[in-house]
Each structure stands twice: as C-alpha cells, then as structure tokens.
Amino acid sequence: MPSTSPSPDRRFADLARSCAAGKSAFTPFLDPASAEKYRIEAKRAGLGIVFYGGSEDCERVVACISDDEDVRANFPVDALEITWSAHSAAPQHRDIMGALLALGLERDTLGDIHAGEKCAVAYVLRSVSGFICQTLMSCGRAPVSVRVNPDAPLPDPEPPLAVRGTVASVRLDAVLALAFSLSRGDAREVVELARVSVNHTPTLRGDLPLKENDIVSARGLGRFRLSEIGGQSRKERYFLLLAVWKSKRRS
C-alpha cells in the first residue's frame with residue numbers, strides 16, 4: 001500500500017510551525033540521510049534541532065525543532081526488551097525487523113534494533129509500543145516475550161572481522177568484492193540489483209569512489225566500514241583495512 005506519510009519538506013514545515021506556536025512536535029524515525037536533510041533545513045532557517053533515537057549514537061532518530069537538549073526527556077520513544085528461551089535459536093536483526101513489519105507497522109515507527117544472543121532491545125515510537133507488546137509472539141523460530149523497559153541494557157555488539165587486502169581502485173564494487181570475498185563481476189551485480197547503500201544512501205554506482213570511514217551495507221551480505229586506506233604496492237594497488245560485519249546465515 002502506498003505510504004500516506006507527508007514529504008520531508010512538509011514535515012519540516014509542520015515542525016517549524018509547531019515550534020513557533022510554542023508546542024513540541026516530533027517526526028517519526030528518520031534514517032541518517034533524512035536526518036541530515038532536516039539538520040540542513042534547520043540551519044538554513046536559523047532553528048535549533050534535537051535528534052534522539054533512544055540511546056546515544058543511534059542511526060535512526062526522531063527529530064524535534066528546539067534549542068533545548070533537555071527536550072530529549074519528552075521524546076515519544078520507548079525501549080522494548082525482547083527476550084527468548086535459552087533453548088531457542090537467537091533471532092537475528094533481520095528476524096526481529098521482519099516480525100515487526102509483519103505486524104503491519106510502518107518502517108518509520110521503528111528505530112534501531114540491537115540483537116544479542118540472549119535478548120534484544122528495539123526502539124519504537126510510543127504510539128506503537130503497547131501494540132507490539134501485546135501482539136509480537138515470535139521472531140524467526142524463537143517464541144519471544146516483550147516489555148517496555150527504559151533501563152534495558154544493550155546487548156554486547158558483535159565485534160567486526162578485520163579484513164586486509166589490496167584493490168586496484170578504491171571504488172565501491174572493488175572494495176565490496178574484497179569485503180565479502182566476491183568476484184568483481186558478482187560485486188557489480190549486487191550493486192546493480194539495488195542492494196547496496198553507502199553511508200545509508202542507496203546507490204547503483206559500482207564505480208562510486210569510497211573514502212576512509214565510509215559505511216557500506218549490502219542486503220543479504222552484511223556491512224563494512226572502510227577503516228584505513230594505506231599506501232600503494234609496487235603494482236600500484238591500494239592497501240585497505242576493513243571492519244566487516246557479515247550477515248549470519250541459517251543452516
């Protein structure tokens with residue numbers, strides 16, 4: 001079903017009007033690219049803007065036009081603690097996201113999801129948290145219990161795999177091939193199938209130049225950060241260091 005959500009420009013204008021009227025108004029969850037657009041619009045309009053996603057360093061955030069950082073205490077974001085039996089296979093991020101979307105929720109009601117071996121924490125809009133607690137019964141193959149818990153500790157993040165290698169050119173398809181042990185042709189095909197984002201922005205350009213600290217996500221494969229671009233070898237290939245988080249595949 002087509003989304004009926006207002007455009008980012010319309011949402012920003014609504015936020016600005018609410019701020020001028022002395023009222024607090026909040027967006028749904030924004031991805032990093034959309035949040036950056038809001039930041040630019042607020043700066044252009046001479047307005048303060050506060051972002052919050054449930055904890056520090058969230059990728060997906062809610063925005064509010066305000067000069068007061070304390071407004072975070074009023075953000076309509078709940079932390080849901082999702083637990084399962086030790087005898088169940090731990091659901092992965094995609095299992096939890098899929099289960100939430102299968103409830104009929106819009107993507108912009110859902111923030112970051114931190115999945116661990118024993119539990120997960122999902123940040124959601126308060127308007128849907130009660131519904132999720134009542135209706136989410138399983139994620140993947142695991143029966144789950146869900147409750148609102150603002151003090152839920154985040155699961156320990158999975159450490160990345162350090163991948164070192166060389167590429168002829170620091171372009172997206174070449175570095176993607178190095179990160180996930182693909183042929184150059186297979187990497188190019190993954191990009192052309194619209195499965196890749198760079199710094200949270202989808203791209204179809206296999207020849208896109210990458211720089212240090214760029215984040216690349218490839219649906220079905222995982223994600224990586226380009227940690228370091230070193231010097232060149234005698235054959236003029238670039239030495240790279242990548243931090244790679246590979247998607248876990250079920251047997």
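Reader: What makes strand 3 mostly covered?

Author: In this predicted model, seven of the eight residues of strand 3 are buried. Buried stands for under 20% relative accessible area, so strand 3 is called mostly covered on the count of seven in eight.

Reader: How do you know that strand 3 and strand 5 pair, and in which sense?

Author: Pairing needs at least two bridges between the strands. Strand 3 and strand 5 have seven, in the antiparallel sense, and therefore meet the criterion. Within strand 5, V121 stands opposite E81.

Reader: What pairing does strand 3 have with strand 7?

Author: Five bridges link strand 3 to strand 7, again antiparallel. With a threshold of at least two bridges, these strands therefore count as paired. L80 has V148 of strand 7 as its bridge partner.

Reader: Which residues of helix 4 are buried, and why are they said to line one face?

Author: The buried residues of helix 4, which spans residues 126-135, are V128, S129 and I132. Viewed down the helix axis, they fall within an arc of 120°, so they line one face of helix 4. S127 and Q134, on the other side of helix 4, are exposed, a word that stands for over 50% relative accessible area.

Reader: What covers the buried residues of helix 4?

Author: The cover includes strand 3, helix 3, strand 4, strand 5 and strand 7. Contact here means heavy atoms within 4.5 Å.

Reader: Which are the edge strands of the open sheet of six strands, and why are they called that?

Author: The sheet has the order 8-13-12-11-9-10, with antiparallel pairing. Strand 8 (161-167) and strand 10 (201-202) each pair on one side only, and pairing requires at least two bridges, so these are the edge strands.

Reader: How do you know that strand 10 is paired with strand 9?

Author: Two bridges join strand 9 (residues 196-198) to strand 10, and the strands run antiparallel. The requirement is at least two, so the pair qualifies. P202 in strand 10 stands opposite S197.

Reader: How much space lies in the largest pocket, and which residues are closest to its centre?

Author: The largest pocket holds about 1900 Å³ of space. Of its 42 lining residues, E59, H93, I113, S217 and R223 are the closest to the centre. A lining residue has an atom within 4 Å of a grid point of the pocket.

Reader: What makes up the lining by element and by class?

Author: Strand 4 gives the largest share, five residues. Elements that give two or more residues include helix 2 (32-45), helix 3 (93-101) and strand 12 (222-232). By class, the lining has 17 charged, 13 nonpolar and twelve polar residues.

Terms used:
Residues are numbered from 1 along each chain as its sequence is written. This is a predicted model: local features need pLDDT of at least 70, side-chain atom pairs count only at pLDDT 80 or more; totals for chains, interfaces and linings use all residues. Side-chain values use heavy atoms; hydrogens and water are left out. On a 1 Å grid over the protein atoms alone, a cavity is a set of points where a 1.4 Å probe fits but cannot get out, and a pocket is an open set with protein on both sides within 12 Å along at least five of seven lines; lining residues have an atom within 4 Å of a point. Grid points are joined across faces, edges and corners, and a volume is the space filled by probe spheres set on the points. Helices (H or I, at least four residues) and strands (E, at least two) are DSSP runs, numbered from the N terminus. Ala, Val, Leu, Ile, Met, Phe, Trp, Tyr, Cys and Pro count as nonpolar, Asp, Glu, Lys and Arg as charged, and the others, Gly among them, as polar. Buried means under 20% relative accessible area, exposed over 50%, partly exposed in between (1.4 Å probe, protein chains only). The arc is that of the directions from the helix axis to the C-beta atoms.
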